[in-house]
Amino acid sequence: MADLSIDFCGIKSPNPFWLASAPPTDKAYNVIRAFEAGWGGVVWKTLGEDPPAVNVSSRYSALHGKNRDVIGFNNIELITDRSLEINLREIAAVKKAWPDRAMVVSMMLPCEEAPWRELLPLVEATGADGIELNFGCPHGMPERGMGAAVGQQPDLIERVTRWCKTYTRLPVIVKLTPNITDVRAPARAALAGGADAVSLINTINSITHLDLDRMVAYPIVGGASTHGGYCGAAVKPIALNMVAEIARDPATSGLPISGIGGIGNWRDAAEFIALGAGSVQVCTAAMLHGFRIVEEMKDGLSRWMDSKGYENIAAFSRKAVPNTTDWKYLDMNYQVIASIDQDKCIACGRCYVACEDTSHQAIAKLITAGPRGEGRRYEVKPADCVGCNLCEITCPVEDCITMVPQASVQPYVNWTQDPRNPRAQVVAALE
Amino acid sequence: MIETLLHLPLAEGTHSALSDCFADLAPPLTMRQAAIESARCLYCYDAPCTRACPTGIDVASFIRNIHDGNVDGAAITILKQNIFGGACARVCPTEILCEDACVRNHDIEAQPVKIGLLQRHAIDHAQFDAHPFQRAAGTGKTVAVVGAGPAGLSCAHRLAMLGHDVVVFEARDKAGGLNEYGIAKYKLPGDFAQREVEFLLSIGGIEIQYGRTLGVDLQLAELHARYDAVFLGIGLAASRQLGLTGEDAPGLLAAVDYIATLRQAGDLAALPVPRRAIVIGAGNTAIDMAVQLKRLGAEEVTMVYRRGFESMSATGHEIEIAKTHFVRIRTWAAPLEVLLDDGGRVRGMRFEETCLQDGRLIATGSFIEIAADAVFKAIGQGMGLGALVDPLAQELARNGDKIMVDAHLRTALPGVYAGGDCIAPGQDLTVQAVQHGKLAALAIHNDIQSNAEAAWPT
């Protein structure tokens with residue numbers, strides 16, 4: 001069996017699955033249940049200064065799919081609404097009872113040195129394994145100058161991170177907000193401040209949907225709403241890209257990353273790890289299904305690693321990073337062409353209308369005669385197919401449409417070298 | 001007609017208890033089930049379900065509307081192609097039409113979207129403040145429609161929409177045709193058929209005259225002269241005969257007559273019900289008859305068919321219904337003799353066994369007898385009195401019993417159109433009749449318009 005254990009910037013954990021700082025890690029009761037279920041670690045819900053935050057009702061909303069499957073999830077809940085004293089006491093007790101699990105404490109304080117200097121030793125005294133700086137919360141807290149308000153200003157990230165490295169010996173993980181234009185800037189700032197790792201993404205500013213009768217967005221508080229933070233499966237593509245951006249940035253390529261954002265199964269976790277994550281954090285999937293999901297996540301990841309011959313997490317960590325590059329380095333001579341497996345095709349016509357209406361008119365609709373009346377047959381017109389993948393994406397049958405790489409006689413040529421690029425020489429000179 | 005059964009015992013139980021036996025065969029979808037089922041639709045392009053629907057309902061579109069919470073929009077999508085969308089959702093053999101064509105039947109899934117039940121969901125839950133279709137400006141033309149069944153009323157509704165006035169002549173006391181008189185009670189329970197007719201008529205411009213029978217007190221020549229066009233939707237009113245002696249004996253009856261009585265019965269407990277019965281035939285009517293007898297308390301019901309299962313015109317779905325009601329199905333036996341008791345009443349039937357030889361059905365020379373208190377004929381319908389005795393209707397070109405029409409439902413007589421079961425080729429399907437009526441209305445409209453143009457002085 002593959003070894004799932006990790007050592008993430010000095011924080012040891014029996015598996016890479018941590019619960020992210022959020023409602024599931026709000027108090028000892030939940031965290032103990034999580035450890036009993038098999039989670040490798042938790043990031044305790046964000047501590048702040050006393051008096052604790054006060055929350056509103058209601059707090060969550062969701063983007064549902066066709067069968068009420070939750071595609072995206074949105075929340076307007078603040079940091080812990082329990083006192084510092086209770087949280088610290090519970091953290092210490094749980095860590096003592098579960099010494100092999102990772103206990104990371106999320107923190108959010110004003111951008112002043114004093115509160116950090118006072119609080120960090122108290123957190124360290126609990127026996128926790130590390131701290132995570134919540135520079136990402138996008139709702140409520142930024143209005144008070146914290147959370148994403150810090151994460152959006154690299155100089156503040158660097159300054160606060162440095163204070164933390166000054167006042168605690170614990171590893172410092174800086175949690176980044178995706179509500180920025182280029183995630184590499186805050187990541188570089190965290191590194192400059194001495195961060196041991198970054199974690200990302202925090203949630204994305206969002207409004208999921210409206211009550212069109214009352215003309216108000218969800219979640220509704222009284223007669224009004226406010227934007228929340230978006231998470232769940234819908235944000236995974238955004239998170240994966242940001243993780244990859246940091247992993248392949250030469251300035252931060254050595255910085256450990258804890259991947260967060262829409263991880264709901266072992267495959268999601270493997271993708272984050274392959275793109276640069278050393279641990280993964282989960283919240284929404286657990287909130288929708290309970291802590292038990294870690295069982296299938298561990299089992300699935302372990303079996304997949306066995307099937308691939310990966311003995312431990314490090315064996316495939318960052319393996320997809322070198323294959324993630326800038327557009328301009330893609331091979332202009334590479335060509336795929338759609339191929340429809342007629343035995344699997346159910347003739348729903350989706351590929352045809354998608355290509356005909358919105359792409360390259362590269363699928364032909366043929367009328368066939370059969371014993372039970374006329375039918376339809378859809379065939380790719382190879383000469384017109386640009387290999388966009390749209391038909392393969394809209395096809396409802398797995399592996400019915402495949403994109404087949406064409407044997408190329410042309411050598412690799414990227415856009416910087418391509419004679420069709422009017423600026424190729426300029427670009428090449430700049431490289 | 002049902003008088004020939006009056007010597008039989010009456011159904012056991014109270015009317016209300018018996019009525020419970022005729023509840024919906026297929027219960028409607030709940031809101032949640034409709035949401036789940038509509039989500040299964042792949043929204044096919046040039047969808048095979050739509051191509052399989054005789055009325056061409058845009059199935060993918062109405063299901064998407066259901067899923068998006070636009071039930072009224074879904075109902076309109078259905079009704080604009082098929083004004084009898086509610087009845088068809090219940091009686092269509094979807095297993096050989098839209099649901100048979102559904103791409104989700106494909107081997108790897110083998111589970112079509114429940115299109116019929118979704119159609120019913122849309123129609124049942126639509127809420128219209130008024131009739132959802134507007135009439136075009138009045139054309140000043142009036143069209144006569146003979147027969148207030150699905151074909152005739154579909155034609156009348158479409159003509160009304162196009163701005164024409166319509167007078168419908170109906171031989172019976174109620175409109176609806178087979179929906180009212182001929183469909184198994186558990187398929188169209190309660191007063192659904194009448195409510196659907198009321199809905200259809202609420203477009204306005206349609207008058208129905210009841211108790212008017214072609215060839216009896218109604219002459220095609222007169223209609224032809226008086227109206228701008230005539231549509232014949234007269235169905236097949238006559239039940240085919242076995243051609244055996246004893247065919248008029250007490251205890252022998254056409255299945256359609258019993259079904260009509262059953263559907264109109266104010267008191268089911270007053271219906272005569274044989275203890276043992278034979279139903280001759282293998283179509284959906286035979287199955288409706290056999291199953292309803294079982295529901296009324298008959299102990300033994302045997303369907304007898306002269307060929308094998310594979311030749312039955314009843315669909316597999318219908319045959320399953322018969323089996324789950326413990327109807328016995330005897331194949332390869334041809335009716336030979338009605339057996340009568342000393343009082344001259346039916347006591348059973350004698351059949352000769354059959355087989356196929358070189359593709360031809362032959363008698364084997366071995367015989368069987370089945371005891372029964374009643375025998376019901378469900379061996380098909382033929383042209384009724386109307387078209388056979390009306391002098392002008394007799395002139396219409398025929399293929400066997402059935403009136404011949406062109407692709408636009410025109411008969412050989414200019415200005416006279418026909419559709420539904422009375423024409424060749426009819427499929428004996430409600431949905432087909434509805435389509436005939438609709439197409440005939442469009443043809444009548446076009447023909448009237450072009451005649452008017454031709455008459456315009458230049």
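Colleague: Which residue stands opposite L47(A) in β7(A)?

Modeller: M107(A) does. First, the ground rules. This is a predicted model, in which local features need pLDDT of at least 70, side-chain atom pairs count only at pLDDT 80 or more, and totals for chains, interfaces and linings use all residues. Residues are numbered from 1 along each chain as its sequence is written, while chains are lettered from A and ligands numbered from 1 in the order in which they are written.

Colleague: What are the ipTM and pTM of the complex, and what is the mean pLDDT of chain B?

Modeller: pLDDT is the predictor's confidence in each residue, from 0 to 100. Where pLDDT is low, the predicted coordinates should not be read in detail. Chain B has a mean pLDDT of 94, with 98% of its residues at 70 or more. For the complex, the predictor gives an ipTM of 0.83 and a pTM of 0.89.

Colleague: Are the faces of β7(A) covered or open?

Modeller: Burial is a neighbour count. A residue is buried if 20 or more other C-beta atoms, placed from the backbone, lie within 10 Å of its own, exposed if 12 or fewer, and partly exposed in between. In β7 (residues 102-107) of chain A, six of six residues are buried. Both faces are covered. A102(A), V104(A) and S106(A) lie on one side, with M103(A), V105(A) and M107(A) on the other.

Colleague: Which residues of helix α1(A) are buried?

Modeller: In α1 (residues 28-37) of chain A, they are V31(A), A34(A) and F35(A). They span an arc of only 95° around the axis, so they sit on the same side of α1(A). The arc is that of the directions from the helix axis to the C-beta atoms. Y29(A) and E36(A) are exposed on the other side. The buried residues pack against β3 (17-19), β4 (41-47) and α2 (84-97) of chain A; contact requires C-beta atoms, placed from the backbone, within 7 Å. Just after α1(A), G38(A) has a positive phi of about 115°.

Colleague: Which residues are buried, and which exposed, on α11(B)?

Modeller: In α11 (residues 192-201) of chain B, A193(B), E196(B), V197(B), L200(B) and L201(B) are buried. They fall within an arc of 135° seen down the axis, so they line one face of α11(B). R195(B) and E198(B) are exposed on the face turned away. Partners of the buried side are α6 (85-91), α9 (150-161), α10 (178-181) and β3 (206-210) of chain B.

Colleague: Why does A156(B) count as buried?

Modeller: A156(B) lies in α9(B). It counts as buried because it has 33 C-beta neighbours inside 10 Å. Not counting residues up to four places away in sequence, A156(B) touches V145(B), V166(B), V168(B) and I206(B).

Colleague: What is the strand order in the five-strand open sheet of chain B?

Modeller: The order is β3-β2-β1-β4-β17, with parallel pairing. β3 and β17 (416-418) are at the edges with a single partner strand each, so one side of each lacks a neighbour in the sheet. The twist averages 20° from one strand to the next; axes are lines fitted to C-alpha atoms, for helices over the stretch in contact, and angles run from 0 to 180 degrees between N-to-C directions. Three bridges join β4 (residues 229-232) to β17(B), where V230(B) stands opposite V416(B). Helix α17 (residues 430-455) lies across β1 (142-146), β4 and β17 of chain B, at about 165° to β4(B).

Note on methods
Helices (H or I, at least four residues) and strands (E, at least two) are DSSP runs, numbered from the N terminus. Two residues are in contact if their C-beta atoms, placed from the backbone, lie within 7 Å. Two strands pair if DSSP finds at least two bridges between them.
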